[in-house]
Amino acid sequence: MKKFLKYLCLFSLPLLLCAIGLEYMLRQVPNPYTYKRYLLEKKGEGIKNMIIGSSVVDYGIDPSYLPDSTYNLAISGQWFRYNEAQLEKYIDDLPHLKRVIWGVSFQALWSDEYEEGVFFQIRKEDDKIAYHKIYMDLSFDNDWRHSVELISTWDVAFEKWSKHYILRDKTTYCDSLGLDHKYDLSDKEEKWLADIPRSMKMHTALKNEKAERVYRQNVQRMNNVAKLCHDRRIELYIVIPPTYRKYYELADSAQLQKMYGAIEQLADKWDNVYWYDYFKDDRFEEDDFHDGNHLTSDVGAVKFAKILNEDLFNAK
């Protein structure tokens, strides 16, 4: 038996060392999580306006068309629990922060990476949970697997590794102010219009207790963020980004009204909260959209930022 264990250890050691080496190499690959953390920690002293939220603003608001010292710190797939935790972690290190612009998508109030069974198609997104834990030090569980990228993201880890080390392709597309250019117009797929019904189906919450529980939790998180900002005299702008006509025509009216209701109640409760609705804004054209609910980073995001600059900053 001892001899067997000895051979087993000798056989396993090279595999373990290989896995450790691969894990180390994966963590050296540039990614938006590390970059947004860098902006918060290295540029925080000068940040006056920050954009938070998920992909609809990560790709969809160009800070260079907003007042100086505005940074886009949103991350694709970042749900409310992370928006709250990120702001809570860094707010005391942002002494000049005056405004937070929070982009809220149609499905956001029913979205959470830790809750399954809310949408038509759902899976526990271990990759994003791991990325937040490893690269942003934001965690809500003690699952050791989320501390090991190779295990948590095994289905995309080798793709990420080969893209950086073999193909020498870019793995992050963020500019100096944090705008993610992964959704530039040149990268738009031809079938984007045909994919809109499928996207809307995925973004429509099921009518069950899990969905209602996530909704209530996210409403509370919005209130927590509002209070956090209120206590520091920071204005909070809730912004609903534009969507393409075919997308909003398919939107579940009950879900849409419930979203509006939650945001209206938030603005009524807190005197530092303002909200702006661009969900059905007809000023946006086809080239402004990368898909049904995401703007193109180099065209639509510029237009949207100019509109926000006028509505949020110049109107006062």
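Is K258 buried, partly exposed or exposed? With a relative accessibility of 30%, K258 counts as partly exposed, because that class lies between the limits of 20% and 50%. The model is a predicted one. Its secondary structure consists of 12 helices and five strands. The radius of gyration is 21 Å, close to the 20 Å given by the globule rule for 316 residues, so the protein is as compact as a globular protein of that length.

**Overall dimensions and surface**

- Taken along the principal axes, the box filled by the C-alpha atoms is roughly 75 × 45 × 40 Å.
- Buried residues make up 52% of the 316 in the protein.
- Of the contacts between residues at least 6 apart in sequence, 75% join residues at least 24 apart.
- There are 44 positive and 51 negative side chains, and 6 Å separates the centres of the two sets.

**Salt bridges**

- The structure contains 17 salt bridges.
- E212 and K258 form one of them, with 2.6 Å between the closest N and O atoms. E212 belongs to helix α9 and K258 to helix α11 (residues 253-269), so this pair ties together parts 46 residues apart in sequence. Salt bridges with shared partners join E209, E212, R216 and K258 into one network.
- Like K258, which is at 30%, E212 is partly exposed, and its relative accessible area is 25%.
- D112 and R221 also meet through their side chains in a salt bridge, at 3.2 Å from N to O. This pair links distant parts of the chain, 109 residues apart: D112 is in the loop between β3 (99-103) and α5 (126-136), and R221 is in helix α9.
- D112 has a relative accessibility of 6% and counts as buried. R221 counts as buried as well, at 11%.
- E41 forms a salt bridge with R37, where the closest N and O atoms are 2.9 Å apart. The two residues are four apart in helix α2 (residues 32-43), so about one helical turn separates them.
- E41 is partly exposed at 43% relative accessible area, and R37 is partly exposed at 23%.

- S69 is not a glycine, yet its phi is positive, at about 65 degrees. S69 sits in the loop between α3 (55-58) and β2 (70-72). Its relative accessibility of 27% makes S69 partly exposed.
- R233, another residue other than glycine, has a positive phi near 55 degrees. R233 is located in the loop between α9 (209-230) and β4 (235-240). With a relative accessible area of 78%, R233 is exposed.

**A buried loop glycine**

- G292 lies in the loop between β5 (273-277) and α12 (300-314). G292 counts as buried because its relative accessibility is 5%, under the 20% limit.
- Apart from neighbours within four places in sequence, the residues in contact with G292 are W192, I196, T243, Y244 and Y247.
- From G292 to L16 the C-alpha distance is 44 Å, and the two residues are 276 apart in sequence.

Terms used: Residues numbered from 1 in each chain as written. Predicted model: local features only at pLDDT ≥ 70, side-chain atom pairs only at ≥ 80, totals over all residues. Heavy atoms only, no water. Rg over C-alpha atoms; globule rule 2.2 N^0.38 Å. Buried < 20%, exposed > 50% of the residue type's maximum accessible area, 1.4 Å probe, protein only. Contact = heavy atoms within 4.5 Å. Lys, Arg positive; Asp, Glu negative; His and termini not counted. Charge placed at Lys NZ, Arg CZ, Asp CG, Glu CD. Salt bridge = Lys/Arg side-chain N within 4 Å of Asp/Glu carboxyl O.
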